[in-house]
Amino acid sequence: MTILIEQPDHQLGSQMEEKKLCSEINETCELVLDAGFVVPKDISKNDGCVTQKIAASNDAFIAPEINSFGQSFRDYNAESERQKSVEEFYKSNHINQTFDFVKKMREEYSKLNRVEMSIWECCELLNEVVDDSDPDLDEPQIEHLLQTAEAIRKDYPNEDWLHLTALIHDLGKVLLLPSFGELPQWAVVGDTHPLGCAFDESIVHHKYFKENQDYNNASFNTKYGIYSEGCGLDNVMVSWGHDDYMYLVAKENGTTLPQAGLFIIRYHSFYPLHRAGAYRHLMNKEDEENLKWLQVFNKYDLYSKSKVRVNVEKVKPYYLSLIEKVSAAVQFLSRGF
């Protein structure tokens, strides 16, 4: 299944040029995308880490030390009511996510030919979805979307592109629902990792890869496998799930989110990379630049998970305005199984 985004006519002529605006307050230049999203200039230059200042506010987001179950975040060995089911999930994921499977899924779900709905309607569908791979939260996924977006909004009030990225980053989890193919959890959620090269030991529950048919494939079980130094993540086959699906949807429909937004959507579950530093030898310069924003995003994606509910009706008008800004409509296209 895939999502199509019809872009509004912004009357920018035949060329989509970047416009430079200089703030009269802080005299820092920013880039304006064709949909009106302003992105800090750091994102377009390879000159060091992201230096965007977090808004000074008494409401600034503070990362908690424990999750909603009283454990450390992403502690896959902690004794909790979720631990056993999470490990069973990763066992299935690591056995079944093969190079051939991912290739088949990408071909199947890039057809974009079925269900049609708005972005907000899709968000509401996630009321029906709970992520079995997540040791930190067992709430419906729409809560996680809004918790992440609202936490970012507190610290980065001017980065509306990042707010919208947070809102839609997990929409691909609708693949779990009957109208979108009802894929098993192991094919939709969980940490992602490359196929076609060796499975790094930093991957959660690595031991189960021994039952994966790719594990003993001589072409796949070396550091580089079928890839080369600096080939770029766009050329790497990454395990199939909601991340890659939502990326395909946005890309194929000509989204006006910046490349950093698309990178976040596609690789936000790629924890071996952005938390453990694995597979960086496959990244190119553009990946390195975009990774800076993914690491900013990850703080909020991970630590905003809570039992405290967001007032949906209160924040809904703001997010609807962002949706209107970036697209006229969204289509989700799925193939029945």
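**Ground rules.** I number residues from 1 along each chain as its sequence is written. Because the model is predicted, local features need pLDDT of at least 70 and side-chain atom pairs count only at pLDDT 80 or more, while totals for chains, interfaces and linings use all residues; side-chain values use heavy atoms, without hydrogens or water.

**Aromatic pairs.** I searched the whole structure and found 14 aromatic pairs. Rings of Phe, Tyr and Trp (its six-membered ring) pair if their centres lie within 6.5 Å; planes under 30 degrees apart are stacked, over 60 edge-to-face, the rest tilted. I looked up Trp240 and Tyr245: their ring centres are 6.4 Å apart and their planes stand at 70°, so this pair is edge-to-face. Phe270 and Tyr279 make a tilted pair, at 5.9 Å between centres and 45° between planes. I also noted one aromatic cluster made of Tyr156, Trp161, Trp293 and Tyr300.

**Burial.** I took buried as under 20% relative accessible area, exposed as over 50% and partly exposed as in between (1.4 Å probe, protein chains only). Trp240 and Tyr245 are both buried. Phe270 has 0% relative accessibility and so counts as buried; Tyr279, at 4%, counts as buried too.

**Core.** A nonpolar core is a set of buried Ala, Val, Leu, Ile, Met, Phe, Trp, Tyr and Cys residues joined through side-chain atoms within 4.5 Å. The largest one has 85 residues, and Leu233 and Trp240 are among those with the most contacts inside it. Leaving out residues up to four places away in sequence, I found that Leu233 touches residues including Phe263, Tyr267 and Phe270 (contact means heavy atoms within 4.5 Å).
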